[in-house]
Structure formats: C-alpha cells, structure tokens
Amino acid sequence: MILPIVAYGDPVLRKETEEITKDYPNLDQVLENMFETMYEARGIGLAAPQVNMPIRLFIVDATPFGDDEDLSEEEQNFVSTFKKVFINARIIEESGDEWAFNEGCLSIPDVREDVFRQPNIVMEYYDENFKKHTENFSGIVARIIQHEYDHIEGILFTDKLSPLKKRLIKSKLANISKGKVGVDYRMKFPNAKKKR
Ligand code: CO
C-alpha cells in the first residue's frame, strides 16, 4: 500500500522517535509499504517519520547509483546491490573531511541544495530480522544513511544550510507546507487549506 509522504512543516518530522522491538505490530507490512511508497516516489531512502510513524526505522535503496559514472567502479559495484532496512540505528562515529553533495528529500519536493557531511560513519543497527550489526559505511551510501538517520533525529537537510540559503528558500518551504508545489506522488501537507 502506498502511504502519503508527509511534507515539510508537519510536526511528525520533528518529533522524538522511539526504538521498536521485534514485536512491533505488522513490521513486515510496514516495511513492504515503505518500500512501495519510496519506489513510487523514485526515492533512494525513506524514514518512518516521513510516513507519519515516529519510530527509529528507515530504509535505503542505493541501487540507482549502480551506474553513476561519477563513482569508482568499486563503489558502483558496492551500491548496485545496496538495499537495507535500518532499525534502532545509532551512528557511533563520523570521520573525515566534510564533502558537499546535492541532496533532496521526498518531504521537501523541488528543493535541492549542497549539504556538507563527513564521509565515513560507524553505525550500530538491527536489520529486519532483528539481527544486530556494527558496520562502517562511506561515500554515497554513508551520505544516504546520514540523511535518513537525521530524519529519525528530527533533523532535515535544510536545517544544515547557511543562514543565507535558508532565507532564500524560506518562502518555498512555506509553500510546500501548504501544498503549493508540483509533485507526482502521494503527499500529505500540514498547512493545506481544507477543501469545502
Ligand atoms: Co529526506
């Protein structure tokens, strides 16, 4: 089932998220719905708060980068099969010199900006079978994970922009929260005028 993706301005995107246990109701169904929703919107990551669930869960599918010619052949091979579920994730270390990457977000359609982040992370998480992993990620995969991880921390990529950039996109963000944006996937806008 395709779920509506909540837009910028919805309080759920800022809410403190909770860890889940393996008894979380209908987890398989939740994951299936999240993947379906992400693919319909042509996303490469989706966090549970974006579908109105304030829990520590996100999914990543980096496979579209498998033929990205900006990446080394080694990295292309790595991302070409990278599809994962991250439950109760905690980034325990970030390292390296910050690099810029042009990010976007399914909750903030039509806005893309360069965001600076460190290239290497160490993360603890559970997979969909509640097996615990401690893993290092780098490059584009780390970047996608950091963006989704921010969602479960109530942070959006636009928070990380310079004060000037923030001013420049302020009215655009307000319009998005009202639904005044062209988008071809299902969304829920917090400040949309109710139709009578
Ligand atoms: Co996002």
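Mentor: Begin with the backbone just after helix 1. This is a predicted model, so every value here is computed from it.

Trainee: Which residue just after helix 1 takes a positive phi, and of about what value?

Mentor: Helix 1 covers residues 27-40. Just after this helix, the residue with a positive phi is R42, at about 55°.

Trainee: Which residues of helix 1 are buried?

Mentor: Buried here means under 20% relative accessible area. An α-helix has 3.6 residues a turn, so residues three or four places apart point the same way. The buried residues in helix 1 are L27, V30, L31, N33, M34, F35, T37 and M38.

Trainee: Which strands do the buried residues of helix 1 pack against?

Mentor: Packing is judged by contact, with heavy atoms within 4.5 Å. On that basis the partners of these buried residues are strand 1 (5-6), strand 2 (45-47), strand 3 (57-61) and strand 4 (83-95).

Trainee: Which element supplies the largest share of the largest nonpolar core?

Mentor: The largest nonpolar core has 35 residues, and M34, L46, L57, I59 and I108 have the most contacts inside it. At least two residues each come from helix 1, strand 3, strand 4 and helix 4 (163-177). The largest share, six residues, is that of helix 1.

Trainee: How many residues are in the other core, which lies apart from it?

Mentor: V79, F86, M123 and Y125 are among the members of that other core. Its size is 22 residues.

Trainee: Which residues is I108 in contact with, leaving aside neighbours within four places in sequence?

Mentor: I108 is one of the residues with the most contacts inside the largest core. With those neighbours left aside, its contacts are Y8, L156, F157, T158, L173 and I176.

Trainee: Why is the protein called as compact as a globular protein of its length?

Mentor: The protein has four helices and nine strands. For 196 residues the globule rule gives 16 Å, and the model is close to that, so it is as compact as a globular protein of that length. The radius of gyration is 17 Å.

Note on methods
Residues are numbered from 1 along each chain as its sequence is written. This is a predicted model: local features need pLDDT of at least 70, side-chain atom pairs count only at pLDDT 80 or more; totals for chains, interfaces and linings use all residues. Side-chain values use heavy atoms; hydrogens and water are left out. The expected span of a helix is 1.5 Å times one less than its number of residues. Buried means under 20% relative accessible area, exposed over 50%, partly exposed in between (1.4 Å probe, protein chains only). A nonpolar core is a set of buried Ala, Val, Leu, Ile, Met, Phe, Trp, Tyr and Cys residues joined through side-chain atoms within 4.5 Å. The radius of gyration is taken over C-alpha atoms; the globule rule is 2.2 Å times the number of residues to the power 0.38.
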